[in-house]
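Student: Before we discuss the chain in detail, may I see the sequence and the model together?

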Amino acid sequence: MFSARSKFILAVLLFVSFSARPSWAQLHSNMDADSSAIKQCVAAWEDAWNRHDAHAWAMPLAEDGDFTNVTGLYLHGRKDFEARFTELGPRKRAEFERHLADCPDCSAYLRSYEETIKLGKAAFADPDAPVPQDVPKELVQAIFASRRQEA
Ligand SMILES: [Zn+2]
């Protein structure tokens, strides 16, 4: 179940890491569509989770994607992922919520996930915002090199 989350977090972090030096507008002149797609994906995934829609929640996972969570749960493929989420009916979900209330580790993990989503959303709030000073110069150069290769 966390595989899609992990991929999602990785995608957000990679995208955030692409927010290097000059300005978002300069760096991402042709990445607006990507940014929009990622935002839509985050919003749709969040919405699917809140609606308890297992199918919609599983769709972002690669059809043959592998998933392992911090407890060692292993799932292979979107169908397994969806089936596992479907098992989380109201009773299991209540169990899960109770566990979160009593487990600082899982609670911290979930909070970090929620923070990642917030940071991802905030990173794209202003496309003309200056790139933070603490972004390594090597990262900016690598991004420019990557963009040149794509062009
Ligand atoms: Zn726990």
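**Reading the predicted model**

Tutor: This is a predicted model. His-52 is found in the loop between helix H3 (32-51) and helix H4 (54-58).

Student: Near what angle is the phi of His-52?

Tutor: Most residues other than glycine have a negative phi. His-52 is a residue other than glycine, yet its phi is positive, with a value near 60°.

Student: Is His-52 buried, exposed or partly exposed?

Tutor: A residue counts as buried with 20 or more other C-beta atoms within 10 Å of its own, and as exposed with 12 or fewer. His-52 has 14 other C-beta atoms within 10 Å, so it is partly exposed.

Student: In what order do the elements of the chain run from the N terminus on?

Tutor: The chain has eight helices and two strands. From the N terminus on, the order of these elements is α-α-α-α-β-β-α-α-α-α.

Student: Which residues of helix H5 are buried, and where do they lie on the helix?

Tutor: Helix H5 covers residues 77-87, and its buried residues are Arg-78, Phe-81, Glu-82 and Phe-85. Seen down the axis of H5, these buried residues fall within an arc of 95°, so they line one face of the helix.

Student: How many residues of H7 are buried?

Tutor: H7 has 20 residues and reaches 28 Å from its first C-alpha to its last, close to the 28 Å expected at 1.5 Å a residue. This helix lies largely in the open, because the number of its residues that are buried is zero.

Student: Ser-107 has its place in helix H7. What separates its C-alpha atom from that of Glu-97?

Tutor: Ser-107 is partly exposed, with 13 other C-beta atoms within 10 Å. Ser-107 and Glu-97 are ten residues apart along the chain, and the separation of their C-alpha atoms is 9.6 Å.

Student: What share of the residues in the chain is buried?

Tutor: The chain contains 151 residues. Among contacts between residues at least 6 apart in sequence, 68% join residues at least 24 apart. The buried share of the residues is 15%.

Key. Residues numbered from 1 in each chain as written. Predicted model: local features only at pLDDT ≥ 70, side-chain atom pairs only at ≥ 80, totals over all residues. Helix = DSSP H or I, 4+ residues; strand = E, 2+ residues; numbered from the N terminus. Contact = placed C-beta atoms within 7 Å. Arc of directions from axis to C-beta. Expected span 1.5 Å × (residues − 1).
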